Amino acid sequence: MQKTCTEVWNNCLQIIKDNIPVQSFKTWFEPISALKLEGNILTVQVPSLFFYEWLEEHYVGLLRKTVKQQMGEEGRLEYNIVVDKSSNSGSPYTTSMPSNGNGAASKTQSMPVPVSINKDIKNPFIIPGLKKLNVDPQLNSQYTFDSYVEGDCNRLARSAGFAVAAKPGATSFNPLMIYGAVGLGKTHLVQAIGNEIRRTLPDKLVIYVSCEKFCQQFVESLKNNTINDFVNFYQAMDVIIMDDVHNFAGKEKTQDIFFHIFNHLHQSGKQIIITSDKAPKDLSGVEERLLSRFKWGLSADLQIPDLETRVAILRKKMYADGIELPSDVVEYVANNIDNNVRELEGAMVSLLAQSTLNKKDIDLGLAKSMLKNFIKNTTKEISMDYIQKLVCEYFEVPVEMVKSATRKREIVQARQISMYLSKSLTKSSLKSIGAFYGGRDHSTVIYACQTVEDLIDTDKKFKGYVTDIQKKLKMS
């Protein structure tokens, strides 16, 4: 009996899973689906060109061996790559490419030779009158991939950044745009890319500059009639990292000069990395021609880290600083500061400073006392919205599902516990609670509360869930 493409690919996945880390398997192989099996060619679909390049760069040997083990020496692998998901027909536009592991010679992209900076080009980062031939990349050496904690909130952006760092200017992620709210680690990630390039490719000319600094330098060059030196300096770079490009809004002349610098770098195979607090489509005050270029490569967003990632960030910083904190203190800080990595780390630094100055051991009581004012400004009071969010995070269910009509056991459980806690911990009426959780009436809320109380009395495991959640709420 001939095997189907799905059976062959699933067999391959079993072998691959045993040979690589679990997280790598989840990230790079779970999104792949088998499409067809024709003769000795197995075709699989990958979600983007990024996936294709990464697989061919890091796993081509493993894929080749696995496919041949399942299909024989003549077995071949072909990729169907999703290029455009916005097709009007409803079906994504795709393209097919063979694997370089099928016996054909791998095509190596040639890297451009770094441009040597002429002594006459003035470096805008140098105080006038001082000569400096070596370009200071303006990078913080503490911002590295090793110190950047990976989680679901940033996995795509970090993986893309690592690919760019390995082959700057030679991937399809040019430009690489990282966007997200304040304090989520955009600057850390892009500087980590720059530091990695400097470490592995020391001949590359890398420069990091904030958009605001770039605008100031441009104005100074206009005043001093040195605009050519300004442009020549940035066009000589191999990698330019620009932070906060949303600050270009309304600055037409600066946008125009960056547009020309961007074009030169891109056409020369140089790498451009930018950050913004919004996605390209949401940026206002930026010229359309510049926005269109921001969309040429990959735009990856950074989201608010979940509780596990926040705890991991704190533990990473503790390890780096050579300190230890009680687990309940770490959980307290991570539970209460849930939307900003910068403030999360700042809270821990504040706690350590207070402990040192007052010569007190750090415990939960001290954490509550010392961080009371700090946390007050970063978290909401206990509300139905906060209760719902914490319960959904605890049971790992989508927030929007709790308000839906679904009767799935795990969703109903999360909904009923949320209603029970909303009744006991807020001043909301039964009618308000019912309305909040999907427009239900007060009798539904009464039934939910009674069900939870009954289960607390009869089910130790369920009681543990509720007690654990109540503990987390009390820590807020």
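## Basis of the values

The model is predicted, with local features requiring pLDDT of at least 70 and side-chain atom pairs counted only at pLDDT 80 or more, while totals for chains, interfaces and linings use all residues. Residues are numbered from 1 along each chain as its sequence is written, and side-chain values use heavy atoms, with hydrogens and water left out.

## Nonpolar cores

A nonpolar core is here a set of buried Ala, Val, Leu, Ile, Met, Phe, Trp, Tyr and Cys residues joined through side-chain atoms within 4.5 Å; buried means under 20% relative accessible area, exposed over 50% and partly exposed in between (1.4 Å probe, protein chains only). The largest such core comprises 52 residues, and W9, F29, L55, L63 and Y79 have the most contacts inside it. Helix α1 (residues 5–17) supplies its largest share, 6 residues. Because domain 1 (5–81) and domain 2 (145–301) both give residues to this core, it lies between them; the domain bounds come from an automatic or database domain assignment.

Contact means heavy atoms within 4.5 Å. With neighbours within four places in sequence left aside, F29 is in contact with W9, L13, I16, I20, S24, L55, Y59 and L63. Another core, of 32 residues, lies apart from the largest one and has V231, V245, F258 and F259 among its members.

## Helix α5

Helices (H or I, at least four residues) and strands (E, at least two) are DSSP runs, numbered from the N terminus. Helix α5 (residues 155–166) has 12 residues and reaches 17 Å from its first C-alpha to its last, close to the 16 Å expected at 1.5 Å a residue; the expected span is 1.5 Å times one less than the number of residues.

Of the 12 residues in α5, 9 are buried, namely R155, A157, R158, S159, A160, G161, A163, V164 and A165. The elements covering these buried residues include α2 (22–28), α3 (49–58), β5 (176–179), α6 (186–200), β8 (271–276) and β9 (298–301).

Strand β7 (residues 239–243) has 5 of its 5 residues buried. V239, I241 and D243 lie on one side, with I240 and M242 on the other, and both faces are covered.

Two strands pair if DSSP finds at least two bridges between them. Strand β6 (residues 206–210) pairs with β7 in the parallel sense over 5 bridges, and S210 stands opposite D243 in β7. Strands β7 and β8 run parallel and are joined by 4 bridges, with I272 in β8 as the bridge partner of I240. From β7 the chain crosses through helix α9 (residues 252–267) to β8, a right-handed β-α-β crossover; with the strands pointing away from the viewer, the path from the first strand over the helix to the second runs clockwise.
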